[in-house]
Amino acid sequence: ITKILIKTMQEDLELEMAQIMFKLARKNNWGHKYDRVEHFKRFINIDKIVKELSKIEWILIYKKSDFTGISLNTRCKKEIIEFIERKMPHIKGMVD
C-alpha cells in the first residue's frame, strides 16, 4: 500500500508540474518573458515544483526585488512539450 501511495503522489506531482508548465507555455512565457510565481498560488506544491524544474533547467527563475518570476527554458522546449503532452494527453498539439 505504501508503494502505491508513493507512486500516486509522484504521479500527482508530475501532473501538477505539467499543468504549471502548460500554463506558462499557453501564456508564451519562454526565456526572458516570465510570469510571477504568485500567479500560480492555486498549485499546492508550487515551491517544490519550481525548485525541481529549476534543478533540471526546465524553468528559469528571475529574482526581482518585490517578486519572483518564472519562465520555461527555450533550450529544453522539445522535452518540456513532450512531458506536458504525456501527462496531459487531452491537450496534445496545443503547446508550441
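Helices (H or I, at least four residues) and strands (E, at least two) are DSSP runs, numbered from the N terminus. The legends below describe a predicted model, in which local features need pLDDT of at least 70, side-chain atom pairs count only at pLDDT 80 or more, and totals for chains, interfaces and linings use all residues. Residue numbers start from 1 along each chain as its sequence is written, and side-chain values use heavy atoms, with hydrogens and water left out.

**View 1. Asn73 in the loop between β3 and α3.** Asn73 is located in the loop that joins β3 (68-72) to α3 (77-87). The residue is buried (under 20% relative accessible area, where over 50% is exposed and values in between are partly exposed; 1.4 Å probe, protein chains only), with a relative accessible area of 3%. Residues up to four places away in sequence being left out, Asn73 touches Trp30, Glu57, Trp58, Leu60 and Ile80; a contact means heavy atoms within 4.5 Å.

**View 2. Leu72 and the largest nonpolar core.** A nonpolar core is a set of buried Ala, Val, Leu, Ile, Met, Phe, Trp, Tyr and Cys residues joined through side-chain atoms within 4.5 Å. The largest such core has 28 residues, and those with the most contacts inside it are Met21, Leu72, Ile80 and Ile84. Two or more residues come from each of α1 (2-26), α2, β3 and α3; α1 gives the most, with eight residues. Beyond four places in sequence, the residues touched by Leu72 include Met21, Leu24, Trp30, Trp58 and Ile80.

**View 3. Asp47 in helix α2.** Asp47 belongs to helix α2, which covers residues 46-55. Asp47 is exposed, at 60% relative accessibility. Its C-alpha atom is separated by 8.7 Å from that of Val37, ten residues apart along the chain.

**View 4. The chain as context for the close-ups.** The chain contains three helices and three strands, in the order α-β-α-β-β-α from the N terminus on. The C-alpha trace spans about 45 × 30 × 20 Å along its principal axes. Of the 96 residues, 42% count as buried. Among contacts between residues at least 6 apart in sequence, 61% join residues at least 24 apart.
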